[in-house]
Amino acid sequence: MKRVYFTSFGCQMNVLDSELVLGDFKRTGYQQTDDMRLADIVLINTCSIRELAEEKVWSLLGRARLIKQERPALKIGVMGCMAQRVKEELIRRAPHVDLVLGTSNFRSAVQDLEDIESGGGRVVRVAKRPDPEFLPDADRNVAARPDAFRAFVTIVRGCNHSCSYCIVPHTRGGEVSRPQAEVWAEVERLVADGVREVTFLGQNINTYGQDLHPQRLHTGAICDLLEAASGIEGLDRIRFLTSNPFDMTEDMMRRFGSIPKVMPWLHIPAQAGNDALLARMQRTYTVDEYRTVVGWARKHIPGVEITSDFIVGFSGETEEEFEGTKALVREIGFMQTYVFKYSLRPMTISARRMPDDVPEDVKKSRNVELLAVQDEAALTRNRGLVGRRLEILIEGISKSDDRRVTGRDMNNRLVHCEGDAAMAGRMAIVEITDVAAHSLIGKRVALESEVGSWSYRGYGGGAASACGAETVSA
Ligand code: SAH
Ligand code: F3S
């Protein structure tokens with residue numbers, strides 16, 4: 001029995017890419033191990049979005065090298081954004097790495113490993129175009145997914161934007177959409193295997209499909225895809241990431257709101273709350289335009305909740321500009337925000353043109369401050385949920401308390417309630433009794449299959465779902 005040690009850094013797309021590769025290893029009979037010393041291959045899926053993520057990989061590679069010194073048969077592989085970005089450096093600084101697979105060519109990992117083991121020598125695949133024999137999303141091993149009832153599905157890879165701080169267009173290239181029929185077939189296979197909720201992934205899902213049908217500019221091929229997917233029987237919930245403020249239209253929001261299985265949650269990264277700062281970031285919208293997009297969402301998607309990303313300490317960020325960001329966080333009332341300290345990435349526009357001039361301690365304190373503003377706002381909002389009934393899809397036993405189960409409500413909030421493993425994969429109605437900034441606790445009012453029929457009530461996390469839920473009785 002051969003063993004693979006696999007670690008993944010970074011975004012949801014990396015989580016899925018790791019699953020795809022691990023699925024190939026599992027098909028071939030490999031077992032996963034979390035002990036590097038027991039592994040036949042150490043494979044790291046890397047992220048380049050911030051320097052810290054890359055530093056962690058270098059240190060892991062250092063550990064792997066020590067093991068390889070003792071056991072030269074160990075093979076070491078690096079895949080993903082860092083493999084794409086610093087391939088030459090990897091080969092130079094880490095001669096013990098046997099396999100370097102970029103962001104478009106990583107599904108050949110098992111095959112490459114076999115070639116290396118039979119004496120073929122190091123393999124480096126960093127072409128931007130995928131090898132037609134090993135397309136990134138082909139032939140997914142659906143049984144390899146980490147969650148039984150939820151799955152990610154990539155719909156578009158790469159990004160056509162040029163936010164000045166961002167390395168992604170450099171590491172992942174331009175947008176390449178998967179044809180709708182291919183996505184549909186993958187979702188059907190997942191649903192046949194027990195999945196009830198899918199999250200479609202793309203760096204910018206708003207322009208999904210434009211590269212397939214250039215004439216359909218801005219008419220929302222993403223909406224066509226969502227409508228088609230919602231026809232799949234057995235699929236109950238659909239989510240998608242990331243909805244950027246640009247390339248979004250009011251009509252797209254209207255269509256999101258009209259598809260019952262589309263959950264009322266949008267991730268709309270704002271990055272900053274000041275126009276001059278947004279302009280330096282090349283985000284191509286103003287704070288006011290951001291408000292407009294959020295306004296469309298709230299108008300057309302009943303009960304919608306918004307989450308967001310912010311960068312603090314970007315080049316030249318003044319105290320006043322940062323105040324604007326804090327004000328926006330207070331004003332919008334995000335369900336959750338992710339806050340990142342600006343990290344200069346070589347080759348990006350900001351690295352070439354703008355100094356990384358906000359001191360580290362200021363970045364750190366702004367990070368803490370912005371998170372505090374968010375947490376306070378989230379806690380206040382969550383307190384308003386006490387006594388409300390929410391529908392959750394139960395994932396399984398809670399990691400922190402084995403007398404509880406956890407699930408996600410329609411807005412994607414984490415909810416804990418009493419229960420046991422047999423409830424996994426079922427919907428439940430939970431009455432909220434206690435809240436924190438990042439999760440809710442509730443008591444179970446009804447469980448799917450205990451009530452006669454669980455009619456799907458369509459969307460409306462916040463208000464609408466609570467109303468809908470109250471019509472269900474145990
Ligand atoms: N469009 C992508 C963005 C991926 S990067 C998506 O699917 O969300 C995720 C987040 O990392 C960005 O929204 C941004 O807030 C943050 N980020 C990107 N580059 C960064 C950098 N150089 N320094 C700090 N944070 C960064
Ligand atoms: Fe990065 Fe901006 Fe694209 S944040 S992934 S360049 S939309």
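In helix α11, the buried residues are Val287, Tyr290, Val293, Val294, Ala297 and His300. Buried means under 20% relative accessible area, exposed over 50%, and partly exposed in between, with a 1.4 Å probe and protein chains only. This is a predicted model: local features need pLDDT of at least 70, side-chain atom pairs count only at pLDDT 80 or more, and totals for chains, interfaces and linings use all residues. Residues are numbered from 1 along each chain as its sequence is written, and side-chain values use heavy atoms, without hydrogens and water.

Helices are DSSP runs of H or I with at least four residues, strands are E runs of at least two, and both are numbered from the N terminus. The buried residues of α11 pack against α9 (250-258), β12 (265-267), α10 (275-280), β13 (305-312) and α12 (319-332). Contact here means heavy atoms within 4.5 Å.

Now the rings. Rings of Phe, Tyr and Trp (its six-membered ring) pair if their centres lie within 6.5 Å; planes under 30 degrees apart are stacked, over 60 edge-to-face, the rest tilted. The count comes to eight aromatic pairs. One of them is Tyr285 with Tyr290, tilted, at 6.2 Å centre to centre and 35 degrees between the planes. Both Tyr285 and Tyr290 are buried. Tyr290 and Phe334 have ring centres 6.4 Å apart and planes at 55 degrees, so this pair is tilted. Tyr290 lies in helix α11 and Phe334 in the loop between α12 and β14 (336-341), so the pair ties together parts 44 residues apart in sequence. Phe334 is buried, with a relative accessible area of 0%. Ring pairs link Phe246, Tyr285, Tyr290, Phe310 and Phe334 into a cluster.

Key. Chains lettered and ligands numbered in written order.
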